[in-house]
Amino acid sequence: VYPLLASVGVFYFDVNNLKRVNDQFGHDAGDRLLIKAADSIRAICNDNIHGYRMGGDEFIAVVMNCTKKDMQRIHQEWVAALEKINRISDGDKCVVAVGCAFAKGRFHIEEVCQVADKRMYMDKHRKKQNGMG
């Protein structure tokens, strides 16, 4: 789908604590977390940023023909969107781990996705160590 891009950015997202919320409060509560995560990703999407649910509690956003600076700005916009959703909504706070990767020139999108996925797991681990979920 993305073979002719000059550059690409990838965000990998994973909702923290979904299993715990499902087990403790039921799948309706877990579904609300997934909706919050999806809404935060939808907030950054446009013609050049495509968001997808990969399955379960994992999402991805692909940013076409961007710069590293664009990626930083988009990340900040996503963080602000999730914070706003958590502030105005009821229920458990949605904590999402995210990993970002950027490439330009000749690249394989699969490899960029693997880097973003690895960084997402690092963020997930960091958030758990800091008591954020």
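1. Contact here means heavy atoms within 4.5 Å, and on that basis Asn86, once its neighbours within four places in sequence are left aside, is in contact with Lys36, Asp92, Lys93 and Cys94. The model under discussion is a predicted one, and the remarks below should be read accordingly. Asn86 lies in helix H3, and with a relative accessibility of 16% Asn86 counts as buried, because the cut-off for that class is under 20% relative accessible area.

2. The packing of helix H2 on helix H3 deserves a point of its own. The axes of H2 and H3 come within 8 Å and cross at roughly 140°, which makes H2 oblique to H3; the angle has to be over 145 degrees before a pair counts as roughly antiparallel. On the H2 side the contact is made by Lys36, Asp39, Ser40 and Ile41, and on the H3 side by Trp78, Ala81, Leu82, Ile85 and Asn86. As to its hand, the crossing of H2 and H3 is right-handed. Lys36 and Asn86, both among the residues that make this helix contact, are also in contact with each other.

3. Trp78, one of the H3 residues in that contact, also belongs to an aromatic cluster whose other members are Phe11 and Phe13. The structure holds 2 aromatic pairs. In one of them the ring centres of Phe11 and Phe13 are 6.0 Å apart and the planes lie at 15°, so this pair is stacked, given that planes under 30 degrees apart fall into that class. Phe13 also forms a pair with Trp78, this one tilted, with 5.0 Å from centre to centre and 50° between the planes.

4. Phe13 lies in strand E1 (residues 7-15) whereas Trp78 lies in helix H3 (residues 68-88), so their pair ties together parts that are 65 residues apart in sequence.

5. Helix H1 (residues 18-25) has Leu18, Val21 and Asn22 as buried residues. Viewed down the axis of H1, these buried residues fall within an arc of 100°, so they line one face of the helix. This can be set beside the general rule that an α-helix has 3.6 residues a turn, so that residues three or four places apart point the same way. The partners against which the buried residues of H1 pack are E1 and helix H2 (27-42), while on the other side of H1 the residues Lys19, Asp23 and Gln24 are exposed. After H1 comes Gly26, whose phi is positive, near 100°.

6. A last point concerns Asp123, which is found in helix H4 (residues 109-129). Is Asp123 buried or exposed? Its relative accessibility is 9%, and Asp123 therefore counts as buried. Residues up to four places away in sequence not being counted, Asp123 touches Val96, Ala97 and Val98. The C-alpha atoms of Asp123 and Asp14 are separated by 9.7 Å, although these two residues stand 109 residues apart along the chain.

Methods:
Residues are numbered from 1 along each chain as its sequence is written. This is a predicted model: local features need pLDDT of at least 70, side-chain atom pairs count only at pLDDT 80 or more; totals for chains, interfaces and linings use all residues. Side-chain values use heavy atoms; hydrogens and water are left out. Rings of Phe, Tyr and Trp (its six-membered ring) pair if their centres lie within 6.5 Å; planes under 30 degrees apart count as stacked, over 60 as edge-to-face and the rest as tilted. Helices (H or I, at least four residues) and strands (E, at least two) are DSSP runs, numbered from the N terminus. Buried means under 20% relative accessible area, exposed over 50%, partly exposed in between (1.4 Å probe, protein chains only). The arc is that of the directions from the helix axis to the C-beta atoms. Axes are lines fitted to C-alpha atoms, for helices over the stretch in contact, and angles run from 0 to 180 degrees between N-to-C directions. Angles under 35 degrees count as roughly parallel, over 145 as roughly antiparallel, 65 to 115 as roughly perpendicular and the rest as oblique. A crossing is left-handed if the near helix is turned anticlockwise from the far one by less than a right angle, and right-handed if clockwise.
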